[in-house]
Amino acid sequence: MVTRALVLAVTIAVQVLAVPIYISPSLQHSLKLKDSVDVFITLKDRPSSVFSRVNNLSFATREQRLNMLVTSLKQHASLSQEPVLDFLTTKSSVTVKSFWISNQVWVKNVDAKLLEVLAVREDIIEVTEVGSVPLEQSINSKAAQQICSNEWGIERIGAPEVWGKGNTGKGVLVANIDTGVRYTHQDLKENFVGEYGWFDPYFSTPTPDDRNGHGTHTMGIICGKNGIGVAPDASWTACRGCDNFSCTYATLLACGEFMICPTRANGTEPDCSKAPRLVSNSWGGSGGQTFYDDIVAAWDAAGIIGIFSNGGSGPKCSSIGSPADSGKTKVIAVGATTEQEELGKYSSLGPSVYNQIKPDLAAPGSDIRSAYNTNDESYATLSGTSTAAPHTAGVIALILSAHPDHDYEKVTEALYSGATQTVASTGGNCGGIPDTEYPNNYVGHGRLSAIGSLP
């Protein structure tokens, strides 16, 4: 068993550094209880310099931008990680994996003695225990039958009116990071992109599958056929970042890399030209966490828009989760509304810990029927902000189909200016802003409207 003296030595070592390395309290506590833990090492040389350089350059094509970004991130990580990786390879008891997108190293089986050595290295800024964030659990889930009509959320946001103008999302590649997708489902099989469209850091499966149903449901809302999806002719790709109940930091980082530069299912032959235009994320942890900021910043540099569910911890003020509450990156945080045009009581509220107004907008999220994983003709009705975020992702796909050159700023301008201010008031004033004023900490700029954003 680890001695208290070793753990104390780590603490003292950190305190004497000119620029102290942050050792997470949970990591120090865990090492008092067990012999070793799995950790993330964050290198001091952050990738923000790469993002800034790429953002300040002009490129003839998106593919050139993506290749430049990924090459630069890999070179940056290789140079800064080389000394610590060389050191760790001398330790036969540990296993390591490098992540270039965030310049971090995952290390398995770190004991207090090794942590003491890492704590005095000048090339490391942080060592934290490997963690996970919850998959947003849906509320009041139930099986459902196929219905030969558009779902209420699809109708409410006016998607069929946009379809009537000839825009069904064609030409746009969308993605989700979730529990996977049943790619043979009758409403999703036609627009699966195929090769370079699937990565599974958990089980290394060669083709998409879903052992939970959540990911199939959210993808169905984005681009499913037969009235369940907002952008039914968009193509889709997916990465399994979550299992039945949670999403590990390591799998979320692996999926973050895959989105910028997709590989074949076995992780080989990367082709950055296959990157999606948006990533829908129906997962998140407690507020104030920054572990995914570098990934979202990398997506932005790649021209990829990240959409995140706001969380299901309402109706308390300042209950929004992370990464939806990110104060430094360009995320779109989405709350949930009901068929009665009310705010879902479960929908997390702002302001964020950074005192920013959140969510950015709200979308249909209660009693949403979509595809499910049981069989190729199965459906389920779920509720939560996890079903609201993919509605927003679908509308963004429609916007990008009509305006392929739109970036985050132009897309959000269209979303926010097109949102309706019709959600019933709760009488609340989270953050000192009444929910009758817009934007507010209940529904942000208002309720999502496809036809409003594409008049």
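Before you start: residues are numbered from 1 along each chain as its sequence is written, and side-chain values use heavy atoms, with hydrogens and water left out. Since this is a predicted model, local features need pLDDT of at least 70 and side-chain atom pairs count only at pLDDT 80 or more, while totals for chains, interfaces and linings use all residues.

**Exercise 1.** Find how many disulfides the structure holds, and what pattern they follow.

Solution. Start with the cut-off: a disulfide is a pair of cysteine sulfur atoms within 2.5 Å. Apply that and you get four disulfides. Next, count the bonded cysteines along the chain; the pattern reads 1-4, 2-3, 5-6, 7-8.

**Exercise 2.** Describe the link of Cys-239 and Cys-255.

Solution. First the bond: S to S is 2.1 Å. Then the handedness: the S-S bond has -75° about it, and the link is left-handed. Now place the ends, taking helices (H or I, at least four residues) and strands (E, at least two) as DSSP runs numbered from the N terminus. Cys-239 sits in strand S10 (residues 235-240) and Cys-255 in helix H9 (residues 249-260), 16 residues apart. Last, check accessibility, where buried means under 20% relative accessible area, exposed over 50% and partly exposed in between (1.4 Å probe, protein chains only). Cys-239 and Cys-255 are both buried.

**Exercise 3.** Work out whether each end of the Cys-317 to Cys-430 disulfide is buried or partly exposed.

Solution. The S to S distance for this pair is 1.9 Å. The torsion about the S-S bond is about -80°, so this disulfide is left-handed. Cys-317 is in the loop between strand S13 (305-309) and strand S14 (331-337), and Cys-430 is in the loop between helix H12 (408-418) and helix H13 (450-453), 113 residues apart. Now the ends: Cys-317 has a relative accessible area of 43%, so Cys-317 is partly exposed. Cys-430, at 1% relative accessibility, counts as buried.

**Exercise 4.** Which cysteine sulfur is nearest to that of Cys-223, and is Cys-223 buried or exposed?

Solution. At 0% relative accessibility, Cys-223 counts as buried.
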